[in-house]
Amino acid sequence: MKLPKIEPSYTFIKTKLPSGKTIGCRGWKVRDEKELIFALDSEENLEEKKINHIIDFLGKCTDNQKLFMELSEQDLKKVACEVRKLSKGNTIEYNYQCPHCNFKMFDTVNLIDSEVVKELDNTPFEVNEDLIVVFKDLSFKETDKLYDLYKESNAKYTFYSFLASIEGITYKGETYTGFTLKDVEEFLGELDSDDLNKLYKAHEEKTSEWSIERQVKCIQCKKEVDISYGDLFSFLVF
Ligand SMILES: [Zn+2]
C-alpha cells in the first residue's frame with residue numbers, strides 16, 4: 001500500500017532579536033536536516049562555505065525570507081538558538097578538553113539560562129557639537145561581502161565594517177544617509193583622531209551582541225576555562 005503523504009504543518013514562534021526586529025521561528029524537520037547534511041557533504045570548499053549552508057538552512061526555519069536576508073550575525077545567532085530549542089529542546093550536551101591540563105570534560109549548556117543579549121541602540125551619538133552619528137547592525141550578507149573583500153587584512157576588515165555600520169550622519173545641522181563607503185571614508189578622514197576613537201567606542205557599545213559563552217572551572221586543575229564553543233552556528237545546529 002502506498003504511504004500517505006503527511007501534510008506539512010509549521011508552527012512559527014515569534015522571536016525578538018537583538019536588533020529589536022521580530023521574526024517567526026520553527027523547529028527543523030527531517031527534510032531540512034537531510035538537505036543540510038547532503039549540501040555539506042558535497043561542498044568542496046567546506047571550511048569557508050559551511051556557515052553559508054547553515055544560514056540557508058536556518059532561513060527555511062523562519063517565516064520571513066526577506067527580513068531574514070537583512071539580519072545581522074547577532075540576530076542570526078539568536079535565530080539559530082531559537083530554532084535549536086524548538087527542534088531539540090533547551091539543553092545541549094557536549095564534550096570539551098581543558099586547555100590547561102587536557103582533562104576531558106562533559107558539560108550541558110542550558111540555552112534558556114546562558115544567552116546574553118545586548119540590544120541594538122540606534123539613538124544618535126554626539127561626537128562633537130558639529131557631528132552626530134547613528135549606527136546600525138550590519139547584515140550578515142554585508143559582513144560576508146566585506147570579509148571576502150578584506151580577509152587578507154584584519155585592519156581593513158575591521159575599519160570597513162565599522163564604516164559600513166554608520167547609518168546616518170548629521171553635520172552642522174544637515175543630515176545625510178545613503179552614502180557610499182568611499183564617501184564616509186573620505187568624510188571621516190578629516191576628523192580629529194580623538195573623535196574617531198569616540199566613534200569606535202560608541203560603535204562597540206551600541207551595536208547588538210548575542211552570546212552563550214561562559215566560564216567554567218576545570219574539575220582536575222581547578223583553573224578557569226573560557227568556553228567559546230568554537231563556531232557557534234555549528235554548535236547550535238549539530
Ligand atoms: Zn584543567
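Residues are numbered from 1 along each chain as its sequence is written. In this predicted model, local features need pLDDT of at least 70, side-chain atom pairs count only at pLDDT 80 or more, and totals for chains, interfaces and linings use all residues.

Colleague: Which strand has the lowest mean pLDDT among the elements of the chain?

Modeller: pLDDT is the predictor's confidence in each residue, from 0 to 100. The chain mean is 92, and 99% of residues reach 70 or more. Among the elements, strand β2 (residues 22-25) has the highest mean, 98. The lowest, 79, belongs to strand β11 (residues 214-217).

Colleague: How many helices and strands does the chain have?

Modeller: Both are DSSP runs, numbered from the N terminus: helices are H or I with at least four residues, strands are E with at least two. On that basis, the chain has nine helices and 12 strands.

Colleague: At what angle do the axes of α6 and α7 cross?

Modeller: Axes are lines fitted to C-alpha atoms, for helices over the stretch in contact, and angles run from 0 to 180 degrees between N-to-C directions. Helix α6 (residues 154-164) and helix α7 (residues 181-188) have axes that come within 9 Å and cross at roughly 100°. That makes α6 roughly perpendicular to α7 (65 to 115 degrees).

Colleague: Which residues of α6 and α7 make the contact?

Modeller: Contact means C-beta atoms, placed from the backbone, within 7 Å. From α7 come L181, V184 and E185. From α6 come Y160, L163 and A164.

Colleague: What is the bridge partner of L131 in β8?

Modeller: Strands β7 and β8 run antiparallel. In β8, L131 is bridged to Y171.

Colleague: Is N102 buried or exposed?

Modeller: N102 lies in the loop between β3 (91-97) and β4 (104-110). Its phi is positive, about 65°, although it is not a glycine. Buried takes 20 or more other C-beta atoms within 10 Å of the residue's own, exposed 12 or fewer, partly exposed in between, with C-beta atoms placed from the backbone. N102 has 10, so it is exposed.

Colleague: Where is K222 found?

Modeller: K222 is not a glycine, yet its phi is positive, near 65°. K222 is exposed, with 10 other C-beta atoms within 10 Å. It is found in the loop between β11 and β12 (224-227).

How values were computed. Parallel < 35°, antiparallel > 145°, perpendicular 65-115°, else oblique. Contact = placed C-beta atoms within 7 Å. Pairing = 2+ DSSP bridges.
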